[in-house]
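The sequence and the structure are shown below.

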Amino acid sequence: PAESMAFTLSSAIQYAEDCLARGMAPDTFLPRFTFFFDISVSFLVEVAKFRAGRRIWARVTRERLGAKDPRSWRFKFHGQTSGADLTRQQPLNNIARVTLQGMAGIFGGLQSLHTDAYDEVLSCPTDTAARVAINTQNILREEAHLTDVIDPLGGSHYVEALTDQMEREILRVMMIIEDAGGMYRAVEAGLIQRMIGESAQRFQQQVERGEQTVVGVNAYQVD
């Protein structure tokens, strides 16, 4: 999660500095920046990721990019639930996963949300599954009223500590990219691709060793 946030913010910094180098004033283009994130299933970690990213972006736009307009400091983002977390085994379990992912995005402060259908791991969504995905959003908003409050987990000792920890880790990864010469240079050198591949491999190995439970895949299986 920290890597995904760091890669995204480093990309935004690269774009912004390219605009500045061409003579554009920061407050003319930064209010138009909008981010797009994957939302994974580790609920509190995802909330902390978004809260930490918001802090860092506000600081970067003011202190590094020189923005004066508060609209430039805003961390506007769209979230999509993670297709990588969906399982072919016991696919109805994906409804619960998508619900948790949607809640994490809402509690993290997103502006818009896309919820995956439970059967997208098998095929293009069926009409029934697509309707469940849409109504998952409707239930979270209309029945659970989760969008009525901004940052409802703010002030929780655990969430604040996790946000601080996540911020430190995001900044550590951003410094690696900075030392590589920025996002363009890091991609050209294969650094980003290598880090993504190593993270994916570590997660897969944790699943295969049983250190990370995936319901229906390596635990609670059925014939």
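Which residue in strand 3 stands opposite Gln-80? In this predicted model, the residue of strand 3 facing Gln-80 is His-114.

**Sheet and helices**

Three strands make up an open sheet in the order 1-2-3, and their pairing is parallel. Strand 1 (35-39) and strand 3 (112-114) form the edges, each pairing on one side only. From one strand to the next, the twist averages 25°. Three bridges join strand 2 (residues 77-81) to strand 3 in the parallel sense.

Two helices lie across these strands. Helix 3 (residues 43-64) lies across strand 1 and strand 2, and runs at about 160° to strand 1. Helix 5 (residues 93-108) lies across strand 1, strand 2 and strand 3, with an angle of about 165° to strand 2.

**Aromatic contacts**

The count of aromatic pairs comes to eleven.

| Pair | Centre to centre | Angle between planes |
|---|---|---|
| Phe-29 and Phe-33 | 5.9 Å | 45° |
| Phe-75 and Phe-77 | 5.5 Å | 50° |

Phe-29 counts as buried because its relative accessible area is 5%. Phe-33 is also buried, at 16%. Phe-75 and Phe-77 are both buried. These four residues belong to one aromatic cluster, which also includes Phe-35, Phe-37, Phe-50 and Trp-57.

A further ring contact involves a charge: the charged end of Arg-62 sits over the ring of Trp-73, at 5.1 Å from the ring centre.

Notes: Residues are numbered from 1 along each chain as its sequence is written. This is a predicted model: local features need pLDDT of at least 70, side-chain atom pairs count only at pLDDT 80 or more; totals for chains, interfaces and linings use all residues. Side-chain values use heavy atoms; hydrogens and water are left out. Rings of Phe, Tyr and Trp (its six-membered ring) pair if their centres lie within 6.5 Å; planes under 30 degrees apart count as stacked, over 60 as edge-to-face and the rest as tilted. Buried means under 20% relative accessible area, exposed over 50%, partly exposed in between (1.4 Å probe, protein chains only). A charge sits over a ring if NZ of Lys or CZ of Arg is within 6 Å of the ring centre and within 35 degrees of the ring normal. Two strands pair if DSSP finds at least two bridges between them. Helices (H or I, at least four residues) and strands (E, at least two) are DSSP runs, numbered from the N terminus. Axes are lines fitted to C-alpha atoms, for helices over the stretch in contact, and angles run from 0 to 180 degrees between N-to-C directions. Contact means heavy atoms within 4.5 Å.
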